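Notebook open. I wanted to look up some strand pairing first, then a bit of surface.

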Amino acid sequence: MKTLTVAPLCVLVILCLCSGSEASSALDLLRETAVSREGRLPCGGWDCECAFRRQQGCCCAAKPLFDLEEATFMRMVGLWDGLSHLNNQIQEVTAGSRIAFTATMLPRAGCLGPFTSNMSISYQSVSLNQGSGYNPALGTFTAPHAGLYSFSFTAYSRVGDADRLYQKVQLVMNGQVIASSWEDNREDSEDSSTQSVLLQLRRGCQVYVELLSGRQLCGDAQGNNAFSGYMLYPSTEV
């Protein structure tokens with residue numbers, strides 16, 4: 001019972017000394033009792049010898065407070081590092097969510113083609129290229145980030161009454177034909193078609209539209225031939 005009684009008294013006296021307020025007569029009595037006690041003061045982890053017998057101050061709490069401050073600081077450093085890492089991960093994922101492009105062929109009265117081999121179409125009139133994934137010189141889109149993408153292309157051609165429509169274009173991903181559109185008849189002098197697809201792309205995958213060998217696109221005076229795409233949502237694949 002003696003140990004349980006003196007330890008709380010010691011804590012009360014220490015708090016009094018740390019606050020700098022004037023001690024009441026009751027606390028003075030408690031202090032005098034603690035100082036006059038022979039042997040080691042039963043104060044648990046507190047340095048009561050320092051508080052009661054060597055100096056008037058809070059030296060007994062200085063080391064625990066310093067340790068607490070150091071532990072708090074290191075914990076804050078750890079939390080900051082964790083938040084920075086999480087922010088980098090978020091930026092890495094969401095940075096690719098703003099990817100979109102749309103481009104059309106430059107207006108021409110004549111024909112594009114025919115060529116002796118398949119030729120990628122260069123849609124050089126670019127109205128949107130967010131994320132800089134589309135290269136107008138090559139007509140190729142290179143995925144800046146992995147994700148699910150939507151692509152569409154429009155094939156338009158117009159010929160004279162004495163000529164025939166003879167066109168075929170196809171959407172290609174990394175050399176693989178994904179979708180195509182074609183027309184081969186003498187009944188129509190003007191034709192247009194649009195294809196749309198969804199593709200799961202890895203970073204660096206290339207998508208483009210090509211004109212097949214021997215075929216041609218003619219009379220596009222208003223830039224109706226178009227190629228566009230955008231990311232629906234990113235993925236964690238690289």
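I looked up Gln-170 and found its bridge partner in strand 11 to be Glu-210. Strands here are DSSP runs of E, at least two residues, numbered from the N terminus. Strand 8 (residues 165-173) and strand 11 run antiparallel, joined by 5 bridges; I call two strands paired if DSSP finds at least two bridges between them.

Note on the source: this is a predicted model, where local features need pLDDT of at least 70 and side-chain atom pairs count only at pLDDT 80 or more, while totals for chains, interfaces and linings use all residues. Residues are numbered from 1 along each chain as its sequence is written, and side-chain values use heavy atoms, with hydrogens and water left out.

Next I checked what else strand 11 pairs with. Ser-120 also stands opposite Glu-210, and strand 3 (residues 119-120) pairs with strand 11 in the antiparallel sense over 2 bridges. Strand 6 (residues 140-142) is antiparallel to strand 11 too, with 3 bridges; there Thr-142 has Gln-206 as its bridge partner.

How many residues of strand 11 are buried? I get 5 of 6 for strand 11 (residues 206-211), so mostly covered, where buried means under 20% relative accessible area, exposed over 50%, and partly exposed in between (1.4 Å probe, protein chains only).

Last, the surface. Leu-198, Tyr-230, Leu-232 and Tyr-233 make a nonpolar patch of about 420 Å². Strand 13 (residues 226-234) gives the most, 3 residues. Tyr-230 is in strand 13 and counts as partly exposed because its relative accessibility is 41%.

Definitions and conventions. Patch = residues over 30% accessible without salt bridge, like charges linked within 9 Å, V, L, I, M, F, W, Y side chains within 5 Å. Areas by Shrake-Rupley, 256 points an atom, 1.4 Å probe, with all protein chains shown as cover. Salt bridge = Lys/Arg side-chain N within 4 Å of Asp/Glu carboxyl O. Helix = DSSP H or I, 4+ residues; strand = E, 2+ residues; numbered from the N terminus.
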